[in-house]
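Take a moment to look over the chain before reading on, and keep the view open as you follow the text. The paragraphs below move from one part of the fold to another.

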Amino acid sequence: MQRERVCLKHSPKGVIASAEVLWPHYREAIEHRFGCKVYNRYGSREVGPVAMECPHGSLHVNAADLIVEIDEPDGSGVGELLVTQLNNVAFPFIRYRMGDLAAMVRRSCPCGRQLPVLEKLMGRVSDHIVAPDGTLIHGEWFTHLFYDVEGVALFTFRQTGREGYVFEVQQDSGFDAPAFERAVKVAQNKLGPAAKIEVKFVERFEASPSGKHRFVVNECPDETGLLAGKSVPTAVDSATAGDRAR
Ligand SMILES: [Zn+2]
């Protein structure tokens, strides 16, 4: 819609996002094009809706249907989500490992709901990158890198080993090579001098079986200490505006 400069003639009451991580720039683009607020939702096919965003931006847990727990939270309260169903009488899932990282807090929300709130929802365990020195870097950090780089249609950042990383990039018209190189340099600084980053330009990304594009893939969670079910390193590092490529 952005590319074709299409806008709706009417404005829906809201847009509910689902399935993939709702990155801030996605939210911004959808709200701009649809002329309404975007409400995030977190859930899965197996257990249904787990949390839904209220008008004040809190992701409230669907506590009437589910017990949600955080497994082995780190210092910032982030750990893997475990979900137990209360209303699935045919085949209840008990402490079902969602494979996603988040923190959960009990705080009062201006909307008046008393339901617990999910915070720092970070997507799949395997969407995290580990620097050669063991620092955990949130996958979102890498998606921020290309916000301002023209002509990057799609990319995937892969961790292929303890010190090996590959940037796969699909170009669009108006590819800004110097800006792209600056972004890669920012990544190199973030990962440290021991990191070996390779850049590969691809004609077109193949769609995954689920249809979702994965921007960040850790291919060796085992080797890098990110194996699902184990606690994750404590130094969770999310993107900051200052780290962005300019
Ligand atoms: Zn609320």
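If we set aside its neighbours within four places in sequence, V15 is in contact with I30, F34, C36, K37, V38 and Y39. This residue belongs to a predicted model, in which V15 lies in strand β1, made of residues 14-16. Is V15 buried or exposed? Its relative accessibility is 17%, and because buried means under 20%, V15 counts as buried. One of its contact partners, I30, is 15 residues away from V15 in sequence, while the two C-alpha atoms are 8.1 Å apart in space.

From here we can turn to the metal site. Which residues coordinate the zinc ion? The ion is held by the SG atoms of C54, C109 and C111 together with the NE2 atom of H60, at 2.1 to 2.3 Å. The angles among these 4 donor atoms run from 102 to 115°, and the site is tetrahedral. Along the chain, the donors follow the spacing C-x5-H-x48-C-x1-C. H60 lies in strand β5 (residues 59-61), whereas C109 lies in the loop between β8 (96-105) and β9 (117-124), so this pair ties together parts that are 49 residues apart in sequence. Both H60 and C109 are buried.

The side chain of D71 makes a polar contact with the side chain of R97, at 3.1 Å.

The last part to consider is a sheet. Strands of a sheet pair through backbone hydrogen bonds, either parallel or antiparallel. Here, an open sheet of 4 strands has the order β14-β13-β12-β15, and its pairing is mixed. The edge strands are β14 (196-201) and β15 (216-218), each of which pairs on one side only. From one strand to the next, the twist averages 15°.

Within this sheet, strand β12 (residues 152-159) and strand β13 (residues 164-171) pair in the antiparallel sense over 7 bridges, and Q159 stands opposite Y165 in β13. Which helix lies across strands of the sheet? Helix α3, made of residues 177-191, lies across β12, β13 and β14, and runs at about 150° to β14.

Note on methods
Residues are numbered from 1 along each chain as its sequence is written. This is a predicted model: local features need pLDDT of at least 70, side-chain atom pairs count only at pLDDT 80 or more; totals for chains, interfaces and linings use all residues. Side-chain values use heavy atoms; hydrogens and water are left out. Donors are N, O and S atoms within 2.8 Å of the metal (3.2 Å for Na, K and Ca); water is not among the atoms, so sites may look incomplete. Four donors count as tetrahedral if all angles lie between 85 and 135 degrees; four count as square planar and six as octahedral if opposite donors are over 155 degrees apart and all others between 65 and 115; anything else is irregular. Helices (H or I, at least four residues) and strands (E, at least two) are DSSP runs, numbered from the N terminus. Buried means under 20% relative accessible area, exposed over 50%, partly exposed in between (1.4 Å probe, protein chains only). A polar contact is a pair of N or O atoms within 3.5 Å; within protein, one must be able to donate a hydrogen and the other to accept it, and residues adjacent in sequence count only if both atoms are side-chain atoms. Two strands pair if DSSP finds at least two bridges between them. Axes are lines fitted to C-alpha atoms, for helices over the stretch in contact, and angles run from 0 to 180 degrees between N-to-C directions. Contact means heavy atoms within 4.5 Å.
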